[in-house]
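Biologist: I would like to go through this model with you. Shall we begin with the terms?

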Amino acid sequence: MNVEQISHSWSDIAPLLTPVLSEEECDRREEQIRKLIKLNEDKKDAQISYLIECMALTISDYEKQEFSWEKPTAIEVLKYLMEEHGLNEGDLPEIGDQNLVSDLLTGKKELNVTMIKRLALRFGISPKTFLAE
C-alpha cells in the first residue's frame, strides 16, 4: 500500500463518500455513480465497484432519512379500507357487530388474528397488511 498515493487520491475520493444532505446532492451522486458504472463496465475493477457500493450507501442513508414513513397500524389500515369501500361500522359482520367495530376503531379493543384473517379475505389482501413490523 502506497500511503502517498492514497493521500493524493483521497482528496478526489473523499467528496464522493460524504453524507448526502439534499435532493440536489443526491441527484449529483447518482449521476457520478452512473458514470463510474459505465467507466467500470469493461475494467471490472473491484476497488471501483466497492467505491460505487459505498457511494450508493450514502444515497440510501439520505433516502431513509428523508423519505422514511411509519407503517400504518392495523386500525389505520382498516379505516382506510372502510373509507375506500364506502363502508360504515355496521358493514363488517365478519368481525363483529357495529358496537365491536366501533370499539376497534376508537382503540378500545384490538383486532385479533381471526378478525385479521377475515378482513384480509374480504378485501383480498394479505393478512400481513395489518401487521406492523
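Modeller: Buried means under 20% relative accessible area, exposed means over 50%, and partly exposed lies in between (1.4 Å probe, protein chains only). This is a predicted model: local features need pLDDT of at least 70, side-chain atom pairs count only at pLDDT 80 or more, and totals for chains, interfaces and linings use all residues. Residues are numbered from 1 along each chain as its sequence is written, and side-chain values use heavy atoms, with hydrogens and water left out.

Biologist: Is Arg 122 buried or partly exposed?

Modeller: Arg 122 has a relative accessible area of 34%. That value makes Arg 122 partly exposed.

Biologist: Which residue forms a salt bridge with Arg 122?

Modeller: A salt bridge is a side-chain nitrogen of Lys or Arg within 4 Å of a carboxyl oxygen of Asp or Glu. For Arg 122, the closest N and O atoms of the pair are 3.1 Å apart. The partner is Glu 94.

Biologist: How many residues apart in sequence are the parts that Arg 122 and Glu 94 tie together?

Modeller: Helices (H or I, at least four residues) are DSSP runs, numbered from the N terminus. Arg 122 lies in helix α6 (residues 113–123). Glu 94 sits in the loop between α4 (74–84) and α5 (98–105), so the pair ties together parts that are 28 residues apart.

Biologist: What separates Arg 34 and Glu 31 along their helix?

Modeller: Their side chains meet in a salt bridge, at 3.1 Å from N to O. Both residues belong to helix α2 (residues 23–43). Arg 34 and Glu 31 are 3 residues apart there, so the separation is about one helical turn.

Biologist: Why is Cys 26 too far from Cys 54 for a bond?

Modeller: A disulfide is a pair of cysteine sulfur atoms within 2.5 Å. The closest cysteine sulfur to that of Cys 26 is in Cys 54, and this is too far for a bond because the distance is 16 Å.

Biologist: How many disulfides does the rule give?

Modeller: Cys 54 is in no disulfide, with the sulfur of Cys 26 as its nearest. The count is 0.

Biologist: Which helix gives the largest share of the lining of the largest pocket?

Modeller: On a 1 Å grid over the protein atoms alone, a pocket is an open set of points where a 1.4 Å probe fits, with protein on both sides within 12 Å along at least five of seven lines; lining residues have an atom within 4 Å of a point. Both α1 (3–17) and α3 (46–67) supply at least two lining residues. The largest share, 7 residues, comes from α1.
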